[in-house]
Amino acid sequence: MDSIFIEGTPKTPNISFDSGKGALLLKGRSIPENSIEFYKPLVDWLEAYSNSPQPKTVCDIQLEYFNTSSSKCLLDLFKKMENMSKNGNEIIINWYYEEDDEDMLEAGEDYQSIINVPFKMIEMQD
Amino acid sequence: MHNATDKSVMTEEKDSAMNIYDLYHRMESNKVVLSFKGDVTSELMSSILQIIEQRMDSLNETPRLRKKVYNVLVECLQNLYHHIDEVPVASEKKGFDRSAIFMISLSNNGYSITTGNYILTSRKKSFRDRLDRINSLEPTDLKELYKEVLSSDSRSDKGGGGLGMIDIARKTGKKLNYDFTPLNDEYSFFSLNINVEDNN
């Protein structure tokens, strides 16, 4: 299946969903006014990918900012990954946060407590 | 040739010249960084965010404060943006427009963000109840409420689903300071003041 690569903008993150490598990356800022419009194709892609995923899928979330409108969409993505995990696929979610960014760490922990997939919290040094 | 009408025009002009100084002075003494009144568009929000980011950068604010201010600013502005979508056009007939007011100023320990917008009085009670509930919660309960709303299926067509105010309260660690000014049977003016401080 095709991969998705999208350049970031001041309001939307870089996206690299590589089906061949089983590597998913969201990086940058996610503060669009209409998050559903941006995330729907990604959620749909993940749904299709989950039918024949790589044995191991690694998802890197490297967001500097995200708005509350994106937060539900992120959860939608994680729920798809949770389903893949339930179906016996190996899923790892790496949640990156900048040094001293407790809010971002806490946001990752919120998802971790809702989604039954291993999250790895990774602090980035400046 | 001067007649009474010309004179009153001149006085008016002089008044507005004085008023703008008055406004300037008030903004100066309140340490206003940026203030706007009008229709909140996507482009406007981008500009405001860029200006405030640059300003915080030039003031060498800590990364922690910068992030909090930026996050809270995004939620405040997007609240205004989405709200404007919801105000019926019919309101213009009553002499109101679809505009909102926004102001960000320096405070003792950070930034103060104030917003104001029209709201249908019929929506006031449920909105007030929601804000009061958020204000009644301790940080741990606020975290639980956030997760509850996050994982619930309810959401607006723009994706928000009522997380904005909870998020602002969590990130600032403060109560939401709000007020409703009744205008008539149909409309009230909602104002919100948020203080973001570098209290670590």
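## Gly173(B) and its surroundings

With 13 C-beta neighbours inside 10 Å, Gly173(B) counts as partly exposed. On this scale a residue is buried if 20 or more other C-beta atoms lie within 10 Å of its own, exposed if 12 or fewer, and partly exposed in between, the C-beta atoms being placed from the backbone. Gly173(B) belongs to the loop between α6 (164-172) and β4 (177-182) of chain B. Its C-alpha atom is separated by 8.6 Å from that of Val196(B), the two residues being 23 apart along the chain.

## Basis of the model

The structure is a predicted model, in which local features need pLDDT of at least 70 and side-chain atom pairs count only at pLDDT 80 or more, whereas totals for chains, interfaces and linings use all residues. Residues are numbered from 1 along each chain as its sequence is written, while chains are lettered from A and ligands numbered from 1 in the order in which they are written.

## Organisation of chain B

Chain B has 6 helices and 5 strands. Helices (H or I, at least four residues) and strands (E, at least two) are DSSP runs, numbered from the N terminus. From the N terminus on, the order of elements in chain B is α-β-α-α-β-β-α-α-α-β-β.

Of the 200 residues in chain B, 21% are buried. Among contacts in chain B between residues at least 6 apart in sequence, 66% join residues at least 24 apart; two residues are in contact if their C-beta atoms, placed from the backbone, lie within 7 Å.

## Helix α1 of chain A and its packing

Helix α1(A) has 15 residues, and the distance from its first C-alpha to its last is 21 Å, close to the 21 Å expected at 1.5 Å a residue. The expected span is 1.5 Å times one less than the number of residues in the helix. Its buried residues are Ser35(A), Phe38(A), Tyr39(A), Leu42(A), Trp45(A), Leu46(A) and Tyr49(A). These buried residues pack against β1 (4-6), β2 (14-18) and α2 of chain A.

Helix α1 (residues 35-49) and helix α2 (residues 68-86) of chain A pack at an angle of about 5 degrees, and their axes are 10 Å apart. That angle makes α1(A) roughly parallel to α2(A). Axes are lines fitted to C-alpha atoms, for helices over the stretch in contact, and angles run from 0 to 180 degrees between N-to-C directions. Angles under 35 degrees count as roughly parallel, over 145 as roughly antiparallel, 65 to 115 as roughly perpendicular and the rest as oblique. On the α1(A) side, the contact is made by Ser35(A), Ile36(A), Tyr39(A), Leu42(A), Val43(A), Leu46(A) and Glu47(A); on the α2(A) side, by Ser69(A), Ser70(A), Cys73(A), Asp76(A), Leu77(A) and Lys80(A). By class, this contact has 7 nonpolar, 3 polar and 3 charged residues. Ala, Val, Leu, Ile, Met, Phe, Trp, Tyr, Cys and Pro count as nonpolar, Asp, Glu, Lys and Arg as charged, and the others, Gly among them, as polar.

Asn34(A) is placed in the loop between β3 (23-30) and α1 of chain A. Asn34(A) counts as partly exposed because it has 15 C-beta neighbours inside 10 Å. The C-alpha atoms of Asn34(A) and Ser69(A) are separated by 7.4 Å, although the residues are 35 apart along the chain.

## The interface between chains A and B

In the interface, 21 residues of chain A are in contact with 25 residues of chain B. On the side of chain A that touches chain B, the elements giving two or more residues are α1, α2 and α3 (102-114). Helix α2(A) gives the most, with 6 residues. By class, this side of chain A has 7 nonpolar, 7 polar and 7 charged residues.

Asp110(A), Ser113(A) and Ile114(A) of α3(A) meet Tyr146(B), Lys147(B), Leu150(B) and Ser151(B) of α5(B). By class, the contact of α3(A) with α5(B) has 3 nonpolar, 2 polar and 2 charged residues.

## Residues with positive phi

Most residues other than glycine have a negative phi. Asp100(A), which is not a glycine, has a positive phi of about 70 degrees. Asp100(A) is found in the loop between β5 (90-98) and α3 of chain A and is partly exposed, with 15 other C-beta atoms within 10 Å.

Asn60(B), also a residue other than glycine, has a positive phi near 55 degrees. Asn60(B) is in the loop between α2 (42-58) and α3 (63-86) of chain B. With 7 C-beta neighbours inside 10 Å, Asn60(B) counts as exposed.
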